[in-house]
Amino acid sequence: MIFRQLFEPGSSTYTYLVACDETREAALIDPVVESVDRDLALIEELGLTLACTIETHIHADHVTGAARLRERTGCKAAVPAKSAAEHVDLPLREGEPLAIGRLRLEPLYTPGHTDDHHCYLVEDKGTARVFTGDALMIDGCGRTDFQNGDAVTLYRSVHDKIFSLPDDTLVYPGHDYQQRRVSSVGQEKARNPRLGGGKTVEEFVAIMAALNLPRPKRIDVAVPANLGCGEVQSA
(Lines give C-alpha, C1' and ligand atoms only; values in the text may rest on other atoms or scores of the structure.)
Protein backbone atom coordinates (compact mmCIF):
# COMPACT_ATOMS: atom_id res chain seq x y z
CA MET A 1 0.00 0.00 0.00
CA ILE A 2 1.10 3.54 -0.77
CA PHE A 3 0.10 5.96 1.98
CA ARG A 4 0.52 9.68 2.55
CA GLN A 5 -0.87 12.00 5.22
CA LEU A 6 -1.47 15.56 4.01
CA PHE A 7 -2.39 18.68 6.02
CA GLU A 8 -4.49 21.72 5.10
CA PRO A 9 -3.67 24.51 7.59
CA GLY A 10 -6.76 26.69 7.08
CA SER A 11 -9.08 24.13 8.66
CA SER A 12 -6.40 21.89 10.23
CA THR A 13 -7.76 19.06 8.09
CA TYR A 14 -5.89 15.86 7.34
CA THR A 15 -6.37 14.39 3.86
CA TYR A 16 -5.18 10.83 3.32
CA LEU A 17 -3.87 9.34 0.10
CA VAL A 18 -4.32 5.57 -0.01
CA ALA A 19 -3.23 3.62 -3.08
CA CYS A 20 -2.67 0.08 -4.26
CA ASP A 21 1.00 -0.46 -5.07
CA GLU A 22 0.10 -3.10 -7.69
CA THR A 23 -2.67 -1.45 -9.73
CA ARG A 24 -1.60 2.15 -8.89
CA GLU A 25 -5.22 3.06 -8.17
CA ALA A 26 -5.60 5.71 -5.47
CA ALA A 27 -8.21 7.31 -3.24
CA LEU A 28 -8.19 10.58 -1.31
CA ILE A 29 -10.00 10.56 2.02
CA ASP A 30 -11.46 13.97 2.97
CA PRO A 31 -9.84 16.17 0.30
CA VAL A 32 -10.07 19.96 0.74
CA VAL A 33 -10.87 22.22 -2.22
CA GLU A 34 -7.99 24.60 -1.51
CA SER A 35 -5.51 21.71 -1.73
CA VAL A 36 -6.60 20.16 -5.04
CA ASP A 37 -3.48 21.27 -6.92
CA ARG A 38 -1.22 19.88 -4.21
CA ASP A 39 -3.05 16.55 -4.20
CA LEU A 40 -2.95 16.19 -7.98
CA ALA A 41 0.75 17.04 -8.08
CA LEU A 42 1.47 14.28 -5.57
CA ILE A 43 -0.65 11.75 -7.46
CA GLU A 44 1.22 12.56 -10.67
CA GLU A 45 4.59 12.39 -8.90
CA LEU A 46 3.80 8.92 -7.57
CA GLY A 47 2.49 7.67 -10.91
CA LEU A 48 -1.02 6.97 -9.61
CA THR A 49 -4.52 7.17 -11.01
CA LEU A 50 -7.14 8.75 -8.77
CA ALA A 51 -10.07 6.34 -8.67
CA CYS A 52 -12.22 8.13 -6.10
CA THR A 53 -12.55 10.62 -3.31
CA ILE A 54 -14.02 9.46 0.00
CA GLU A 55 -15.82 11.55 2.62
CA THR A 56 -16.10 10.60 6.27
CA HIS A 57 -19.14 12.89 6.66
CA ILE A 58 -20.63 16.20 5.55
CA HIS A 59 -18.07 18.68 6.83
CA ALA A 60 -18.98 22.04 8.37
CA ASP A 61 -15.50 23.59 8.49
CA HIS A 62 -14.25 23.20 4.92
CA VAL A 63 -15.46 22.51 1.39
CA THR A 64 -14.50 19.15 -0.05
CA GLY A 65 -12.36 18.97 -3.15
CA ALA A 66 -14.42 16.07 -4.53
CA ALA A 67 -16.24 17.95 -7.30
CA ARG A 68 -13.13 19.72 -8.53
CA LEU A 69 -11.06 16.53 -8.47
CA ARG A 70 -13.78 14.68 -10.38
CA GLU A 71 -13.90 17.47 -12.96
CA ARG A 72 -10.15 17.34 -13.48
CA THR A 73 -9.52 13.59 -13.33
CA GLY A 74 -12.80 11.77 -13.93
CA CYS A 75 -12.60 10.12 -10.50
CA LYS A 76 -15.72 9.09 -8.62
CA ALA A 77 -17.10 10.75 -5.47
CA ALA A 78 -17.80 8.34 -2.58
CA VAL A 79 -19.96 9.71 0.23
CA PRO A 80 -21.88 8.01 3.07
CA ALA A 81 -25.32 7.11 1.76
CA LYS A 82 -26.89 8.44 4.96
CA SER A 83 -25.81 11.96 4.05
CA ALA A 84 -28.35 12.07 1.20
CA ALA A 85 -25.86 14.22 -0.71
CA GLU A 86 -26.35 14.93 -4.41
CA HIS A 87 -24.03 14.11 -7.31
CA VAL A 88 -22.63 11.06 -5.48
CA ASP A 89 -21.15 8.27 -7.61
CA LEU A 90 -20.50 5.73 -4.85
CA PRO A 91 -22.85 5.71 -1.82
CA LEU A 92 -20.99 4.17 1.13
CA ARG A 93 -22.52 1.86 3.71
CA GLU A 94 -21.20 -0.30 6.52
CA GLY A 95 -20.84 -3.88 5.34
CA GLU A 96 -20.09 -2.85 1.75
CA PRO A 97 -16.29 -2.61 1.30
CA LEU A 98 -14.84 -0.19 -1.21
CA ALA A 99 -12.13 -1.59 -3.48
CA ILE A 100 -9.08 0.51 -4.31
CA GLY A 101 -7.16 -1.88 -6.53
CA ARG A 102 -6.48 -4.88 -4.30
CA LEU A 103 -7.07 -2.84 -1.13
CA ARG A 104 -10.39 -3.01 0.70
CA LEU A 105 -11.68 -0.08 2.76
CA GLU A 106 -14.27 -1.16 5.30
CA PRO A 107 -16.82 1.55 6.15
CA LEU A 108 -17.75 1.67 9.85
CA TYR A 109 -20.93 3.59 10.66
CA THR A 110 -20.00 5.90 13.54
CA PRO A 111 -22.70 8.57 14.05
CA GLY A 112 -22.68 11.05 16.89
CA HIS A 113 -20.57 13.91 15.55
CA THR A 114 -22.98 13.95 12.61
CA ASP A 115 -25.70 11.46 11.81
CA ASP A 116 -23.96 10.30 8.60
CA HIS A 117 -20.41 9.84 9.92
CA HIS A 118 -18.33 6.83 8.81
CA CYS A 119 -14.80 5.75 9.66
CA TYR A 120 -12.77 3.59 7.27
CA LEU A 121 -10.62 0.60 8.18
CA VAL A 122 -7.91 -0.71 5.86
CA GLU A 123 -5.49 -3.55 6.56
CA ASP A 124 -2.36 -4.23 4.56
CA LYS A 125 0.69 -6.40 5.27
CA GLY A 126 -0.10 -6.80 8.94
CA THR A 127 -0.81 -3.13 9.60
CA ALA A 128 -4.34 -1.89 10.29
CA ARG A 129 -5.25 1.77 9.93
CA VAL A 130 -8.55 3.37 10.83
CA PHE A 131 -9.39 6.80 9.45
CA THR A 132 -11.62 8.25 12.12
CA GLY A 133 -12.70 11.59 10.66
CA ASP A 134 -14.20 13.70 13.44
CA ALA A 135 -15.55 10.79 15.49
CA LEU A 136 -12.27 10.22 17.33
CA MET A 137 -9.30 12.54 17.41
CA ILE A 138 -6.00 12.34 19.26
CA ASP A 139 -6.92 13.04 22.91
CA GLY A 140 -10.33 14.30 21.80
CA CYS A 141 -13.32 13.94 19.51
CA GLY A 142 -15.60 15.98 17.30
CA ARG A 143 -18.35 18.16 18.73
CA THR A 144 -21.89 16.84 19.04
CA ASP A 145 -24.03 19.99 19.05
CA PHE A 146 -25.07 20.36 15.39
CA GLN A 147 -25.91 18.34 12.22
CA ASN A 148 -27.97 15.93 14.31
CA GLY A 149 -25.01 15.15 16.55
CA ASP A 150 -25.58 13.38 19.83
CA ALA A 151 -23.12 12.69 22.64
CA VAL A 152 -24.60 9.36 23.73
CA THR A 153 -24.56 8.13 20.13
CA LEU A 154 -20.94 9.20 19.63
CA TYR A 155 -19.85 7.47 22.85
CA ARG A 156 -21.43 4.23 21.68
CA SER A 157 -19.99 4.57 18.16
CA VAL A 158 -16.46 5.03 19.44
CA HIS A 159 -16.64 2.25 22.00
CA ASP A 160 -18.47 -0.25 19.81
CA LYS A 161 -16.80 0.37 16.46
CA ILE A 162 -13.33 1.84 17.16
CA PHE A 163 -12.32 0.77 20.66
CA SER A 164 -13.32 -2.79 19.75
CA LEU A 165 -10.51 -2.91 17.17
CA PRO A 166 -7.10 -4.37 18.14
CA ASP A 167 -5.05 -2.02 20.33
CA ASP A 168 -2.28 -1.72 17.74
CA THR A 169 -4.65 -0.38 15.07
CA LEU A 170 -3.31 3.00 13.99
CA VAL A 171 -5.72 5.92 14.41
CA TYR A 172 -5.57 8.66 11.78
CA PRO A 173 -7.93 11.54 12.68
CA GLY A 174 -9.64 14.06 10.44
CA HIS A 175 -8.09 17.02 12.25
CA ASP A 176 -5.43 17.92 14.74
CA TYR A 177 -4.73 21.37 16.09
CA GLN A 178 -1.44 20.59 17.85
CA GLN A 179 0.59 19.07 14.99
CA ARG A 180 0.04 15.49 16.14
CA ARG A 181 -0.23 12.99 13.31
CA VAL A 182 -1.18 9.51 14.51
CA SER A 183 -2.35 7.60 17.57
CA SER A 184 -3.52 4.05 18.23
CA VAL A 185 -6.67 2.41 19.50
CA GLY A 186 -4.85 1.29 22.64
CA GLN A 187 -3.57 4.78 23.37
CA GLU A 188 -6.97 6.42 22.93
CA LYS A 189 -8.71 3.79 25.03
CA ALA A 190 -6.21 4.38 27.82
CA ARG A 191 -5.85 8.15 27.88
CA ASN A 192 -8.33 10.03 25.69
CA PRO A 193 -9.59 12.62 28.21
CA ARG A 194 -13.12 12.55 26.85
CA LEU A 195 -13.73 8.95 25.84
CA GLY A 196 -10.93 6.84 27.30
CA GLY A 197 -9.64 5.86 30.70
CA GLY A 198 -12.89 4.19 31.67
CA LYS A 199 -15.04 7.31 31.22
CA THR A 200 -18.74 6.52 31.56
CA VAL A 201 -21.32 7.69 29.06
CA GLU A 202 -22.67 10.07 31.70
CA GLU A 203 -19.24 11.63 32.19
CA PHE A 204 -18.83 12.01 28.44
CA VAL A 205 -22.23 13.67 28.03
CA ALA A 206 -21.33 16.15 30.78
CA ILE A 207 -17.96 16.93 29.17
CA MET A 208 -19.55 17.61 25.79
CA ALA A 209 -22.37 19.72 27.26
CA ALA A 210 -19.84 21.98 28.98
CA LEU A 211 -17.75 22.75 25.87
CA ASN A 212 -19.78 25.81 24.80
CA LEU A 213 -18.09 25.98 21.40
CA PRO A 214 -18.65 28.81 18.89
CA ARG A 215 -20.56 28.13 15.69
CA PRO A 216 -18.23 26.99 12.87
CA LYS A 217 -17.30 30.02 10.79
CA ARG A 218 -17.82 28.35 7.41
CA ILE A 219 -20.85 26.18 8.18
CA ASP A 220 -23.28 28.20 6.05
CA VAL A 221 -21.06 27.76 2.97
CA ALA A 222 -19.48 24.38 3.68
CA VAL A 223 -22.54 22.27 4.48
CA PRO A 224 -24.61 23.24 1.39
CA ALA A 225 -21.54 22.84 -0.82
CA ASN A 226 -20.64 19.46 0.64
CA LEU A 227 -24.20 18.22 0.19
CA GLY A 228 -23.38 18.61 -3.52
CA CYS A 229 -19.93 16.96 -3.30
CA GLY A 230 -18.25 20.36 -3.09
CA GLU A 231 -20.33 22.29 -5.58
CA VAL A 232 -20.85 25.77 -4.14
CA GLN A 233 -24.51 26.66 -4.54
CA SER A 234 -25.38 29.96 -6.17
CA ALA A 235 -27.71 32.34 -4.37
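Strands β9 and β10 form a hairpin with 2 residues between them, and K125 in the turn has a positive phi of about 50°. Strands here are DSSP runs of E with at least two residues, helices are runs of H or I with at least four, and both are numbered from the N terminus. Two strands count as paired if DSSP finds at least two bridges between them. One of these bridges links E123 to A128 in β10.

A word on the source: this is a predicted model, in which local features need pLDDT of at least 70 and side-chain atom pairs count only at pLDDT 80 or more, while totals for chains, interfaces and linings use all residues. Residues are numbered from 1 along each chain as its sequence is written, and side-chain values use heavy atoms, with hydrogens and water left out.

Let us stay with β10, residues 127-133. Because 6 of its 7 residues are buried, this strand is largely enclosed by the rest of the structure. Buried means under 20% relative accessible area, exposed means over 50%, and partly exposed lies in between, for a 1.4 Å probe and protein chains only. Strand β10 also pairs with β11, residues 170-173, in the parallel sense over 4 bridges, and F131 has Y172 in β11 as its bridge partner. From β10 the chain passes through helix α3, residues 151-162, to β11, in a right-handed β-α-β crossover. Right-handed means that, with the strands pointing away from the viewer, the path from the first strand over the helix to the second runs clockwise.

I turn now to the open sheet. Its 6 strands stand in the order β1-β2-β3-β4-β5-β6, with mixed pairing. Strands β1 and β6 are at the edges with a single partner strand each, so one side of each has no neighbour in the sheet. From one strand to the next, the twist averages 20°.

Contact means heavy atoms within 4.5 Å. Helix α2 also packs on the sheet, touching β3, β4 and β5.

In α1, residues 36-45, the buried residues are V36, D39, L40, L42 and I43. They line one face of the helix, because they fall within an arc of 160° seen down its axis; the arc is that of the directions from the helix axis to the C-beta atoms. On the other side, D37, E44 and E45 are exposed.

Finally, the cysteines. How many disulfides are there? The count comes to 0, where a disulfide is a pair of cysteine sulfur atoms within 2.5 Å. The sulfur of C75 is too far for a bond, because the closest cysteine sulfur, in C52, is 7.4 Å away. C229 is in no disulfide either, with the nearest cysteine sulfur, that of C75, 10 Å away. C75 is buried at 2% relative accessibility, and C229 is buried with a relative accessible area of 2%.

Definitions and conventions
Axes fitted to C-alpha atoms, helices over the stretch in contact; angles between N-to-C directions.
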